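Here's a quick tour for anyone meeting this structure for the first time. Take a look at it, and then we'll go through it topic by topic.

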Amino acid sequence: MTDDSSSQLRRLVVRIDPSWPQDVAVGPGWFPLLARLDQRLAEIAPNYVVQQVKAKFGSLSFYATPSDDPYDYNEEFNKAIRAAEWESTEMCEDCGAQARTYVIRLWAWTLCERHAEERRSVESTEASGDSEMR
Ligand SMILES: [Zn+2]
């Protein structure tokens with residue numbers, strides 16, 4: 001992770017509700033997407049709160065509310081999140097290149113061809129799974 005990408009995410013991490021892990025559990029390829037989403041959401045709801053950011057079935061899963069009231073609803077806010085989640089399904093989680101979803105060892109990943117190859121070979125040579133991130 002470069003300094004640049006971690007500073008992109010810092011604004012997002014500070015928004016995470018303290019009762020949730022202070023962690024953005026996605027690969028670096030999606031950091032620019034998250035930085036853009038953060039900017040967009042901050043325009044719509046300057047005090048928005050993040051609960052969780054993770055990858056699920058090869059797609060970004062972004063849980064946030066427009067304010068610290070969990071029942072607060074804002075359609076534009078939710079639309080911006082859905083749009084970013086869709087965008088993530090065509091974006092390599094490792095490098096941000098054009099990607100598609102691969103299922104590797106029962107886990108769905110959105111990866112470019114090169115990173116899908118890499119992920120496959122790592123998975124098959126390291127059966128113990130020490131390098132697993134999740
Ligand atoms: Zn890639």
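Predicted model: local features only at pLDDT ≥ 70, side-chain atom pairs only at ≥ 80, totals over all residues.

**Around R15**
- You'll find R15 in the loop that links α1 (3–13) to β1 (24–25).
- Setting aside neighbours within four places in sequence, R15 makes contact with Y48, V49 and V50.
- R15 and D38 are 23 residues apart along the sequence, and their C-alpha atoms sit 9.6 Å apart in space.

**Two hairpins**
- Strands β2 (residues 49–56) and β3 (residues 59–65) run antiparallel and are joined by seven bridges.
- Within that pairing, K54 has S61 in β3 as its bridge partner.
- Two residues lie between the strands of the β2 and β3 hairpin, where F57 takes a positive phi near 50°.
- Further along, β4 (residues 100–104) pairs with β5 (residues 107–111), again in the antiparallel sense, over five bridges.
- Here I104 stands opposite W107 in β5.
- The β4 and β5 hairpin has two residues between its strands too, and R105 in the turn has a positive phi of about 50°.

**A pair of helices**
- α2 (residues 31–44) packs with α3 (residues 75–88) at an angle of about 170°, and their axes are 10 Å apart.
- That angle is over 145 degrees, so α2 and α3 are roughly antiparallel to each other.
- On the α2 side, the residues that meet α3 are L33, L37, R40, L41 and I44. Their counterparts in α3 are E76, F77, A80, I81, A84, E87 and S88.
- Sort the residues of this contact by type and you get eight nonpolar, one polar and three charged.

- In soluble globular proteins, nonpolar side chains tend to be buried together.
- In this model, the largest nonpolar core has 25 residues, and W30, L34 and L37 have the most contacts inside it.
- At least two residues of this core come from each of α1, α2, β2, β3, α3 and β5.
- The top contributor is α2, which gives five residues.
- Leaving out residues up to four places away in sequence, W30 touches L60, S88, M91 and E93.

Technical notes: Residues numbered from 1 in each chain as written. Helix = DSSP H or I, 4+ residues; strand = E, 2+ residues; numbered from the N terminus. Contact = placed C-beta atoms within 7 Å. Pairing = 2+ DSSP bridges. Axes fitted to C-alpha atoms, helices over the stretch in contact; angles between N-to-C directions. Parallel < 35°, antiparallel > 145°, perpendicular 65-115°, else oblique. Nonpolar A, V, L, I, M, F, W, Y, C, P; charged D, E, K, R; others polar. Core = buried A, V, L, I, M, F, W, Y, C linked by C-beta atoms within 7 Å. Buried ≥ 20, exposed ≤ 12 C-beta atoms within 10 Å, placed from the backbone.
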